[in-house]
Number of protein chains: 2
Amino acid sequence: MTNFKAYLNHISLDCVIFGFHENQLKVLLLQMKYTKKWALPGGFVKKEESFEEAAERVLKERTGMDNIFLQQFHVFSDPKRSEMNPAVKDLEKSGSGEGLDWFSQRFISTGFYALVDFHKVDPAPDFFSDKCEWKALEEIDNLMMDHRQILDKALETLRLHLTYQPIGYNLLPKKFTMPELQKLYETILGKSLDRRNFQRKILSYKILNKLDERKKGGAYKAPYLYEFNLENYNKALKEGFSGSW
Amino acid sequence: MTNFKAYLNHISLDCVIFGFHENQLKVLLLQMKYTKKWALPGGFVKKEESFEEAAERVLKERTGMDNIFLQQFHVFSDPKRSEMNPAVKDLEKSGSGEGLDWFSQRFISTGFYALVDFHKVDPAPDFFSDKCEWKALEEIDNLMMDHRQILDKALETLRLHLTYQPIGYNLLPKKFTMPELQKLYETILGKSLDRRNFQRKILSYKILNKLDERKKGGAYKAPYLYEFNLENYNKALKEGFSGSW
DNA sequence: TCAAAAGTGTTTGGTTTACACCCATGA
DNA sequence: TCATGGGTGTAAACCAAACACTTTTGA
């Protein structure tokens, strides 16, 4: 990451990495070394790389994972967005003048959102950060540059996609319970849903297999476990479905 | 357009300009001077400009119009997409070596779609084209580079937006008939709809004002004219609505 | 006067919503 | 034994799909 010659000028990307844990939607964030501001994991695009490849590279570096569900959602091109780039300040403070020119330029950033299984992620900070952590949506605050705006747009997109695509496969572990799936939907949509109606509707899509197992360990009555029926799930993804929540 | 120093390297945008005429969805295309291939109107981004501003500039130059409904929909970043840029060939043939370096570089293009009132457009070719014409979707063929892919993605996006936004205001003249509006929806969706159910549904959104006038001149029974109720239309745009067609 | 397009209304079936009861579990 | 969460069912309200009849117009 010291040889910026390999990368395209002016071009960056930022990833909003969503995970689901303890009934909360969480986002993987980095804390910048000097300004202590929080940032979305981002990166640059090599001269012979597509944006999607670059995003996969960033995802791999920050999470250790391959084959992540990834979707571009918006380009952020306001010329003013680069003016407050704290990497510039970080570099000045650190004394390492290297890269100052690079980070002082205008960046046009393409936003990607990613959906991952929380438990499979091994968070790793990058060169400019000393922390890489999951943050629940409500805890998020004081993001650098326009990253709050990028996050909000990602959420909005996720919400839209939820109404015509069965999202969930990428965010949940292989086996999960109906209440867990419902909480996921409720978190993304920001509203609560009727337990019984939710179950009926999601089952009507035929994208789930009900297992004989139940989830043990929790308090109260043990809920059944489900898994996605990949065949039908992929069919539904392709065809789209006009469900509304 | 000869001083490329004012523009950001590697970065371009392409506009899919939709219009509606004679019951057909049409797209404004340019024909390249030498290769005779058809192309989407595109342009570059100035160093102090947002993409949206650049797109408005391109729209203004090609259509003569301001205040066009504009929406970015995807970034096309495959490194191979630039390999077949016919502008390079055009410049070679034309003998004017100027700009060859510029057009030989890799371009990452952001796609915008625009919705305009067909009758208000005054099509103007650009420096590299000698024709600027409306083409119905079925006539379109032999587009340069990946422009067919860009067009298809624009259509797909338009279709998606149609199901949660009342599109139409930007594509139709101020006064229009119900059959015209229906034809627009049918063209975008690529399927036919029941006349009576369509009318009931669209009226239920309360975004139209029925006028006392009827459209004269046509054969057969004269249909009523409608106009959009801007207040309710904008409300509906903001809130989104979960209609399905 | 008739074919084609437009205005309007009704029936039917499915989906969504709202709500109630019973079961299992750990405290 | 009871509070809490989970499994399952049903009636009512609403919406969408299918369909028919009448009116207007130019040829």
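Predicted model: local features only at pLDDT ≥ 70, side-chain atom pairs only at ≥ 80, totals over all residues.
A residue counts as near a strand if one of its heavy atoms lies within 4 Å of that strand.

**DNA strand C**

Sorted by class, the surface near DNA strand C has eleven charged, six nonpolar and two polar residues.

Which elements supply that surface? Helix 6 (195-204) of chain A and helix 6 (195-204) of chain B each bring at least two residues to it. Helix 6 of chain A gives the most, with five residues.

What part of the DNA does the protein touch? Looking at the atoms of DNA strand C within 4 Å of the protein, 46% are in sugar or phosphate, and the rest belong to bases.

| Side chain | Base atom of DNA strand C | Distance |
|---|---|---|
| A:Asn197 | nitrogen | 3.1 Å |
| B:Arg195 | nitrogen | 2.9 Å |
| B:Arg200 | oxygen | 2.9 Å |

Now for the protein itself. Where the two meet, domain 1 of chain A puts in 16 residues and domain 2 of chain A puts in 13.

The size of an interface is often quoted as the accessible area lost when the parts come together. Here, the area buried between domain 1 and domain 2 of chain A is about 1500 Å², with carbon and sulfur atoms giving 69% of it.

What about specific polar pairings? The count of salt bridges between domain 1 and domain 2 of chain A is zero. Three residue pairs, both partners at pLDDT 80 or more, are in polar contact across this interface.

On the domain 1 side of that contact in chain A, strand 1 (7-21), strand 2 (24-32), strand 6 (108-115) and helix 4 (147-164) each supply at least two residues. Helix 4 of chain A has the largest share, five residues. By class, this side of domain 1 of chain A has nine nonpolar, five polar and two charged residues.

Definitions and conventions:
Residues numbered from 1 in each chain as written. Chains lettered and ligands numbered in written order. Heavy atoms only, no water. Contact = heavy atoms within 4.5 Å. Buried area = accessible area lost by both parts, 1.4 Å probe. Salt bridge = Lys/Arg side-chain N within 4 Å of Asp/Glu carboxyl O. Polar contact = N/O pair within 3.5 Å; in protein donor to acceptor, adjacent residues only side chain to side chain. Helix = DSSP H or I, 4+ residues; strand = E, 2+ residues; numbered from the N terminus. Nonpolar A, V, L, I, M, F, W, Y, C, P; charged D, E, K, R; others polar.
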